[in-house]
Amino acid sequence: MSILATIKDHSGRIYRGIQALLLLSIGAAAFGAFDISRNLPSGGAFAVSSLATGLALLALMYMRSSVVHRLRSAEAAEAEKHHFLTRDAMTGAMTRRYFLEALRDSLGTMRDRREATLLLIDVDHFKQLNDTFGHQFGDLALVHLVKTSERVFAGGMVGRLGGDEFGVIIPHGDLAAINKDIRQLLDTMRAGKSHEGKTIPLSISVGVALAPAHASNTAELMLVADLALYESKAAGRGRVTVFDEEMLSDKRYRRLVERELRAAVYLGELELHYQPIVNPDGSAYALEGLIRWRHPVRGLISPAEFIPIAERSTLIDMLGEWVFKRACTDVGHFPGRRISINVSGEQLKRDEIVTMCDRVLKETGCSATQFIIEITETVATAATPEILRRLEVLRGLGFHIALDDFGTGHCGFNYLKTLPIDSIKIDRSYIHSLAHDQVAQIFVSALAQIARIQDVTIVAEGVETQEEFALAKAAGCNRFQGYFFGRPAPRDKVAPLRAIDAEPLALSA
């Protein structure tokens, strides 16, 4: 109900009462005047008229007071409602809608463009913060970010755009001063937030866009600032990036590749090439399926060029399903051997990976024990409890799990105790260094000893010579892969595989 309707409903009865009193007063006064004209006593009529007028005046004063009180109450209620609609309840920052309206106003009109700067801020690894320290600390971290931003950017406006994404509007375009303030914000967040007696450091990524230099309307400015934010994340997080025109070119290229890659799935332009993984005697144990894109104009495109683009959208799920379906179709051509397929970390962030694998196995009649799922070391180090749970479910279905590229990042030996894995693929850089690098020799030998204790298989990747094969075998590796045994090739062009003395599916992968 509107304010006027509320007042009208409340005051209607009083208003009608005042009308009745005034009519009574007028009637009494008229009656008194009539009595005077006839030289009759008129005191009673005038007394009634005066009383009615007085009561009407008192009622008017009460109604005025009541209306004023209700107007003030309604104004307070409207102010509270406005605050609720314009301010985030937890952090006190502007809501997304109100922030975008403020950004639109800050940019001015077509005839009167104003300088303004938009910052987009994202809390790095926010989900892991929540999982490790609890949602209460996550909320405290967001409040800390807002209060710090409001202090550092004293003349700016801070808004909450999503769960852990925030925006800041700065009413000028002095990039040097802005960069200085952002550095202060980054340093303050790194200094951390105290929680249960400990100081927990925080990290944020920042994207910066200037108006009207980079964009002159709200939608475009948000877009280019988001591109800058993405570059900060891609470059390692915990940093600031100012938008430049090359980012738009990259975005257009990504969209082009996404569109063509989506069409490639339906047009049959994708291929799965196979590279053998062999036993110590040289017999093939499994084959790794590697996706290739045979473009009608550009020829064979490396997955290193299109997989990262696919991972930035749900297109990676479509590619992952295509690879697994093709592997299920081809596994019958390699009797007694497993096929190893690579699964992206982005796929493992969603439960669809489990439902897709289960569905495809039922559709094709294949067994999960015929396949190995490879995850990279990067995926392992950033694995959340949800990702580990999905890996356990896939393992429970019968898939063997392999940890690929071990030794390239920060995945230490302690990870081998907790990760649900059946085999480890040592990065090729260690295998190439075995002949002359003592550190590589110690690393591979130590890993092989741990693997024996954990009942995990060690695969040497990138074996290219007889010497590397012999050294890797002497260091304790169980299986081997590389150009020395065969290059990746389409299914029908894979070199004939040697017979296997033992049943391969009885071995750990």
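This is a predicted model: local features need pLDDT of at least 70, side-chain atom pairs count only at pLDDT 80 or more; totals for chains, interfaces and linings use all residues.
Residues are numbered from 1 along each chain as its sequence is written, and side-chain values rest on heavy atoms, with hydrogens and water left out.

The protein chain has 17 helices and 17 strands, where helices (H or I, at least four residues) and strands (E, at least two) are DSSP runs numbered from the N terminus. Of its 509 residues, 44% count as buried; buried stands for under 20% relative accessible area, exposed for over 50%, and partly exposed for values in between, with a 1.4 Å probe and protein chains only. The accessible surface of the protein chain comes to about 26,300 Å², and 55% of that surface belongs to carbon and sulfur atoms; the areas come from the Shrake-Rupley method with a 1.4 Å probe, and for residues only the protein chains shown count as cover. Among contacts in the protein chain with a separation of 6 or more, residues 24 or more positions apart account for 68%, a contact being heavy atoms within 4.5 Å.

A first element to follow is helix α3, which spans residues 96-107 and reaches 17 Å from its first C-alpha to its last, close to the 16 Å expected for its twelve residues at 1.5 Å a residue; the expected span is 1.5 Å times one less than the number of residues. The buried residues of α3 are F99, L100, A102, L103, S106 and L107. They lie on the same side of α3 because they cover an arc of only 160 degrees around the axis, the arc being that of the directions from the helix axis to the C-beta atoms. An α-helix has 3.6 residues a turn, so residues three or four places apart point the same way. R97 and D105 are exposed on the face of α3 turned away from its buried side, whereas the buried residues pack against β1 (116-123), β2 (157-160), β3 (165-170), β6 (204-211) and α7 (218-234). Just after α3, G108 takes a positive phi of about 80 degrees.

Several of these strands belong to an open sheet of five strands, whose order is β2-β3-β1-β6-β7 with mixed pairing; two strands pair if DSSP finds at least two bridges between them. Its edge strands are β2 and β7 (240-242), each of which pairs on one side only. Within the sheet, β1 and β6 run antiparallel and are joined by eight bridges, and V123 stands opposite I204 in β6. The loop between β6 and α7 holds P212, and the peptide bond from A211 to P212 is cis, with omega near 5 degrees.

I341 in β11 is the bridge partner of G289, and I373 in β12 is the bridge partner of I341.

Helix α13 (residues 385-397) has 13 residues and reaches 19 Å from its first C-alpha to its last, close to the 18 Å expected. In α13, I387, R390, L391 and L394 are buried, and they are on the same side of α13 because they cover an arc of only 100 degrees around the axis. These buried residues pack against α11 (352-364), β12 (371-376) and β13 (400-406), while P385 and G396 are exposed on the face turned away from the buried side.

The last stop is L416, placed in helix α14 (residues 415-418) and buried, with a relative accessible area of 6%. Residues up to four places away in sequence not counted, L416 touches L403, F406, I421, I424, L447, I450 and Q454; L447 is 31 residues from L416 in sequence and 9.8 Å from it in space, C-alpha to C-alpha.
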